[in-house]
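Q: I would like to learn how to read side-chain features in a model like this one. Could we look at it together, starting with contacts?

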Amino acid sequence: MAKTKVFVSYDHSEDALYKYLLQAWDANEDFDFEFDSRGPNIPIDSDDSAVIKASLTKLLKSATHLLVIVGEKSSTSDWIGWEIARAKQDDIKLKLAAVKLNKTNITPAGLLNVGTSWATSFERDRIVDALKEAKVGY
């Protein structure tokens with residue numbers, strides 16, 4: 001059986017530490033985490049965004065799941081909003097999972113009422129459980 005391939009969406013300027021933790025866990029035999037490498041300061045409406053969006057779309061299409069790391073500024077991130085919306089489009093349709101870094105962080109609107117599977121904390125086993133329970137609920 002093929003590995004579950006997970007595209008990770010996160011705020012590059014605020015939550016990169018959590019990306020590094022996931023990379024350390026990438027040795028998990030059940031999951032393969034994918035990260036995009038765009039810079040944190042490229043506006044979504046800039047001339048460079050089309051190239052970035054094409055690259056991200058390619059990564060999203062190769063994934064089976066979208067894991068959103070919900071930090072303090074995630075709900076206002078244009079890039080996270082775009083990645084969630086793109087992951088739900090008919091040509092991709094990823095299973096959605098998310099984890100809040102703090103329970104007071106606001107959930108990005110795209111994750112609401114779509115059957116998102118939530119990890120109860122940023123711990124390896126909780127995230128793996130959320131990914132295993134994730135489904136396409138939209």
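A: Gladly! Leaving aside residues up to four places away in sequence, L94 touches L60, A63, T64, H65, L66, A87, V136 and Y138. Please keep in mind that the model is predicted.

Q: Where is L94 found, and is L94 buried or exposed?

A: L94 is found in the loop between α3 and β4 (95-100). Buried means under 20% relative accessible area, so L94, at 1% relative accessibility, counts as buried.

Q: What does I42 touch?

A: Again not counting residues up to four places away in sequence, I42 touches D48, I52 and W79. The place of I42 is in the loop between β2 (31-34) and α2 (49-62). Its relative accessible area is 25%, so I42 is partly exposed. The C-alpha atoms of I42 and D32 are 26 Å apart, and the two residues are 10 apart along the chain.

Q: Which parts does the pair of Y18 and F122 tie together?

A: Y18 belongs to helix α1 (residues 16-25), while F122 is in the loop between β5 (117-119) and α4 (124-133), so the pair ties together parts that are 104 residues apart in sequence. With a relative accessible area of 17%, F122 is buried, whereas Y18 counts as partly exposed because its relative accessibility is 23%.

Q: What kind of pair do W79 and W82 form?

A: W79 and W82 form an edge-to-face pair, with 6.2 Å from centre to centre and 75 degrees between the planes. They are three residues apart in helix α3 (residues 78-87), so about one helical turn separates them.

Q: Are W79 and W82 buried or exposed?

A: Both W79 and W82 are buried.

Q: Let us finish with a charge and a ring. Where does the charged end of K100 sit?

A: The charged end of K100 sits over the ring of W118, at 5.9 Å from the centre of that ring. The cut-off that matters for this distance is within 6 Å of the ring centre.

Key: Residues are numbered from 1 along each chain as its sequence is written. This is a predicted model: local features need pLDDT of at least 70, side-chain atom pairs count only at pLDDT 80 or more; totals for chains, interfaces and linings use all residues. Side-chain values use heavy atoms; hydrogens and water are left out. Helices (H or I, at least four residues) and strands (E, at least two) are DSSP runs, numbered from the N terminus. Buried means under 20% relative accessible area, exposed over 50%, partly exposed in between (1.4 Å probe, protein chains only). Rings of Phe, Tyr and Trp (its six-membered ring) pair if their centres lie within 6.5 Å; planes under 30 degrees apart count as stacked, over 60 as edge-to-face and the rest as tilted. A charge sits over a ring if NZ of Lys or CZ of Arg is within 6 Å of the ring centre and within 35 degrees of the ring normal. Contact means heavy atoms within 4.5 Å.
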